[in-house]
2 protein chains.
Amino acid sequence: MARLAKKRDFPVSQVRRYLEPGPIVLVSSAARGETNIMTMGWHTCMEFTPALIGCIIASGNHSHLMVRESGECVINLPTTALTDIVVGIGNSSGSEIDKFAHFGLTAQKAQHVGAPLIGECHANLECRLVDESLVARYNFFIFEVVKAHVAPSPKHPETLHYTGDGVFMVSGKIISRQSKFLPEML
Amino acid sequence: MARLAKKRDFPVSQVRRYLEPGPIVLVSSAARGETNIMTMGWHTCMEFTPALIGCIIASGNHSHLMVRESGECVINLPTTALTDIVVGIGNSSGSEIDKFAHFGLTAQKAQHVGAPLIGECHANLECRLVDESLVARYNFFIFEVVKAHVAPSPKHPETLHYTGDGVFMVSGKIISRQSKFLPEML
């Protein structure tokens with residue numbers, strides 16, 4: 001089980017650092033006095049400034065209406081220390097259980113949105129829904145990250161990358177080729 | 001350097017297997033008698049059937065107009081064996097060099113699109129542009145994968161996951177929790 005990590009403010013224009021590698025994330029939401037958490041693997045960075053994230057939240061998810069109604073969510077980054085909780089969250093429904101209570105997770109107050117941060121996650125990105133033009137057709141939401149909180153260490157935590165069929169790839173090992181990049185590409 | 005891998009047809013409804021983990025991919029395109037290759041880290045699965053992929057191809061890329069004009073591309077999955085070629089492709093422009101020739105890559109004929117497959121990659125996904133409604137605003141393209149070619153082994157190749165700043169995370173190690181998934185979630 002991951003412990004609560006002390007986090008620092010992190011520049012929202014640099015959240016690609018945590019999302020571009022493609023990890024499974026946990027989306028927390030709040031609406032009508034209840035909270036929920038879902039797993040999400042279908043997301044992409046869309047812009048640095050404003051810091052835009054596009055993602056699929058299928059209409060069958062209990063979180064779908066909560067995010068639409070509130071226009072907000074938090075995208076939380078779990079590490080491999082939370083593997084079994086991630087699997088449990090992805091295989092249960094917020095219509096039946098209180099996921100924070102059931103999985104022993106700590107709901108922390110966000111600064112700019114009503115949805116709670118998940119304290120045990122390595123990073124928490126407070127998000128506002130800014131474009132729902134593709135929600136009806138594809139369940140595709142575009143969020144702006146308005147505040148980011150990140151644990152300063154480890155610098156490259158082990159993250160989970162879902163392949164389907166109950167199997168995750170693990171990232172953590174690093175290859176640097178910084179010296180081979182053009183300055184304007186860094 | 002990766003060798004040419006013999007590939008088999010792969011069900012397009014299952015391409016999340018290779019894209020959902022979030023690897024850097026190589027996008028090949030063809031238009032007006034020339035070909036090009038770009039690196040891409042901002043992509044997401046959007047639907048199983050049809051097999052939809054959303055991605056950002058910035059307007060500053062030489063590939064942007066080639067993909068818009070042709071309405072097609074191939075999304076190719078490189079492994080860590082191609083790390084230095086991936087970096088080279090991301091730090092050069094198709095307006096100045098022929099990337100297939102410069103990097104010694106093999107252009108193979110696709111079945112349904114004019115863009116070439118990159119023979120040295122582990123998987124090749126032939127794509128047709130199906131929705132450009134968000135291109136003007138976000139450079140966001142939605143493609144349908146119409147044909148997939150995948151090398152049957154290794155089953156979990158080491159892939160590159162870009163973090164920015166010239167640094168990649170590497171995925172390859174596997175965690176399976178299949179027994180903990182609900183049957184309908186697999």
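## Surroundings of A:R128

A:R128 touches A:G71, A:E72, A:V113, A:F143, A:E144 and A:V146, leaving aside residues up to four places away in sequence; two residues are in contact if their C-beta atoms, placed from the backbone, lie within 7 Å. The model is predicted: local features need pLDDT of at least 70 and side-chain atom pairs count only at pLDDT 80 or more, while totals for chains, interfaces and linings use all residues. Residues are numbered from 1 along each chain as its sequence is written, and chains are lettered from A and ligands numbered from 1 in the order in which they are written.

A:R128 lies in strand β9 (residues 123-131) of chain A; helices (H or I, at least four residues) and strands (E, at least two) are DSSP runs, numbered from the N terminus. A:R128 counts as partly exposed because it has 16 C-beta neighbours inside 10 Å. On this scale a residue is buried if 20 or more other C-beta atoms lie within 10 Å of its own, exposed if 12 or fewer, and partly exposed in between, with C-beta atoms placed from the backbone. Between A:R128 and A:E47 the separation is 81 residues in sequence and 14 Å in space, C-alpha to C-alpha.

## Strand β6 and its partners

Strand β9(A) pairs with β6(A) in the antiparallel sense through six bridges; strands pair if DSSP finds at least two bridges between them. Within this pairing, A:C73 stands opposite A:C127 of β9(A). Strand β6(A) is also joined to β2(A), again antiparallel, by three bridges, and A:L26 has A:N76 as its bridge partner in β6(A).

Strand β6 (residues 72-77) of chain A is mostly covered, with six of its six residues buried. In a regular strand the side chains alternate between the two faces of the sheet. In β6(A) both faces are covered: A:E72, A:V74 and A:N76 are buried on one side, and A:C73, A:I75 and A:L77 on the other.

Helix α3 (residues 83-90) of chain A has buried residues at A:I85, A:V86, A:V87, A:I89 and A:G90. The cover over the buried residues of α3(A) includes β2 (25-31), β3 (34-40), α4 (99-102) and β11 (159-162) of chain A.

A nonpolar core is a set of buried Ala, Val, Leu, Ile, Met, Phe, Trp, Tyr and Cys residues joined through C-beta atoms within 7 Å. The largest one has 114 residues, and those with the most contacts inside it are A:I53, A:V74, A:C127, B:V27, B:I53, B:V74 and B:C127. B:V27 touches B:I37, B:M38, B:M40, B:I57, B:S63, B:C73 and B:I75, not counting residues up to four places away in sequence.

The contact between the chains takes 47 residues from chain B and 47 residues from chain A. On the side of chain B that touches chain A, the largest share, ten residues, comes from β12(B). Strand β12 (residues 167-176) of chain A pairs antiparallel with β12(B) over nine bridges, and A:K173 has B:V170 as its bridge partner.
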